[in-house]
Amino acid sequence: MAIGFQKAKREQVWLKVLLSGASGSGKSYSALRLAKGIVKKCGGGIAYIGTEGSRDKYYSNEFDYDLLQLEDPFSTDKYMEAIKTAVDAGYKVLIIDSLSHEWKWLNDTHDKMPGNSFTNWGKLKPKHRQFMDMVLNSPIHVIATARGKDDWVLEDKNGKQVPKKVGMGQQQDKDISYEYTVSLMISQDTHIASADKDNTHLFDGRYDVITEKDGEKLYDWANEGDIPATKKEMPTIGDMESVDNVDELKSVQKEIISLCAKLGGTKNELLMSTLKNFVKNGNPNAIKEVGKAKDCLNAIKAIENTQESEWNKKVNPVEMDA
């Protein structure tokens, strides 16, 4: 197939905005102001995934949004199911407040896992990557918040050293800012936002409190250009098993492969036909759900029992009564 260059054209995109800051900086309020401005342009309502308990409702008298509250444990799967629910319901704007609870759940899960730390992260990170892909590729405008790594610094005010709380980075994956269209850090005392990444250039050199007008401008920027010819499909939750099931899945796959070898592998037409009922390419390692893998194993065991019975009949034929 021949390859070649073609003129690049600007296409419309779904906004992905990250708001970070120390506790009390106004991340939730700023997210709602942005969302309100976007919805003013596109309609469709605001979906709000909350992890902060009663605080998720603090601004319900000022903003119109529909709330889905997650409960502890804040697993990756719960976040992904909530995103899918928002998209399926037809919302145009989604607030995720906050991402930091998912990251904490990953770290807590990692700390409880036996064995090698590096190997364990190898099991966890793909699931986190799947979650981030869903955030970034879902057909919905996303405004996500992340808690800053709170720290205290001394600041000179009127000749006195006064302590000030600042958010240093995010309580999330270290490269998270690079993933978003816009990443804004919000000051704890002034609520002023400054960009540490901005593909839109709308916040270049700006140090202001976020308003609904910023949401409107972001929407206008996102909708410049052509409608994309094709859109990425949203990743599905079932594409990868939860962390708790990874080892069990591998164990069942190993048992399937061992049994397939015993039954003659690809030379056994009934075996291959049965495998392809569960996975199109006939490869047990391509099965990604424990339940499906167990069903496949049981079906192959049934083949083994049937063929063993037929073999026994040939070796030890039943004597007919005279």
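Q: What do the buried residues of helix H3 pack against?
A: In this predicted model, the buried residues of H3 pack against helix H2 (76–88), helix H4 (117–137) and strand S5 (141–147). The residues of H3 that count as buried are Ser100, His101, Glu102, Trp103, Trp105, Leu106, Thr109 and His110.

Q: Why does Trp103 count as buried?
A: The relative accessibility of Trp103 is 15%. The cut-off for a buried residue is under 20%, and Trp103 at 15% therefore counts as buried.

Q: How do you know that the span of helix H3 is close to the one expected?
A: Helix H3 covers residues 100–112, which is 13 residues.

Q: What makes the aromatic pair of Trp103 and Trp121 stacked?
A: The search of the whole structure finds six aromatic pairs. In the pair of Trp103 and Trp121, the centres are 6.1 Å apart and the angle between the planes is 20°. Ring centres must lie within 6.5 Å to pair, and planes under 30 degrees apart count as stacked; the values of 6.1 Å and 20° therefore make this a stacked pair. The pair links distant parts of the chain, with Trp103 in helix H3 and Trp121 in helix H4, 18 residues apart.

Q: How do you know that the charged end of Lys125 sits over the ring of Trp121?
A: The charged end of Lys125 is 5.7 Å from the centre of the Trp121 ring. The distance cut-off is 6 Å, with a further limit of 35 degrees from the ring normal. Lys125 is described as sitting over the ring. Arg10 is likewise placed over the face of Trp221, at 4.4 Å from the ring centre.

Q: Why is Thr200 called buried?
A: Thr200 has a relative accessible area of 6%. Since buried means under 20%, Thr200 is called buried. Its place is in the loop between strand S9 (192–198) and strand S10 (208–209). Leaving aside neighbours within four places in sequence, Thr200 is in contact with Thr181, Val182, Leu218 and Trp221.

Q: What makes the link between the side chains of Thr200 and Asp198 a polar contact?
A: The two side chains are joined at 2.5 Å. A polar contact requires N or O atoms within 3.5 Å, one able to donate a hydrogen and the other to accept it; the pair of Thr200 and Asp198 is classed as such a contact. A polar atom of the Thr200 side chain also lies 3.1 Å from the backbone nitrogen of Leu202.

Q: Is His141 buried or exposed?
A: His141 has 3% relative accessibility. The cut-off is under 20% for buried and over 50% for exposed, so His141 counts as buried. His141 is found in strand S5. Beyond its neighbours within four places in sequence, the contacts of His141 include Val13, Trp14, Ile38 and Tyr219.

Q: Which residues touch the most other members of the largest nonpolar core?
A: Val17, Leu19, Ile95 and Ile143 do, in a core of 26 residues. Strand S1 (16–21), helix H1 (27–42), strand S2 (46–50), strand S4 (93–97), strand S8 (182–186) and helix H5 (212–222) each supply at least two residues of this core. H1 gives the most, with six residues.

Key: Residues are numbered from 1 along each chain as its sequence is written. This is a predicted model: local features need pLDDT of at least 70, side-chain atom pairs count only at pLDDT 80 or more; totals for chains, interfaces and linings use all residues. Side-chain values use heavy atoms; hydrogens and water are left out. A nonpolar core is a set of buried Ala, Val, Leu, Ile, Met, Phe, Trp, Tyr and Cys residues joined through side-chain atoms within 4.5 Å. Buried means under 20% relative accessible area, exposed over 50%, partly exposed in between (1.4 Å probe, protein chains only). Helices (H or I, at least four residues) and strands (E, at least two) are DSSP runs, numbered from the N terminus. Contact means heavy atoms within 4.5 Å. The expected span of a helix is 1.5 Å times one less than its number of residues. Rings of Phe, Tyr and Trp (its six-membered ring) pair if their centres lie within 6.5 Å; planes under 30 degrees apart count as stacked, over 60 as edge-to-face and the rest as tilted.
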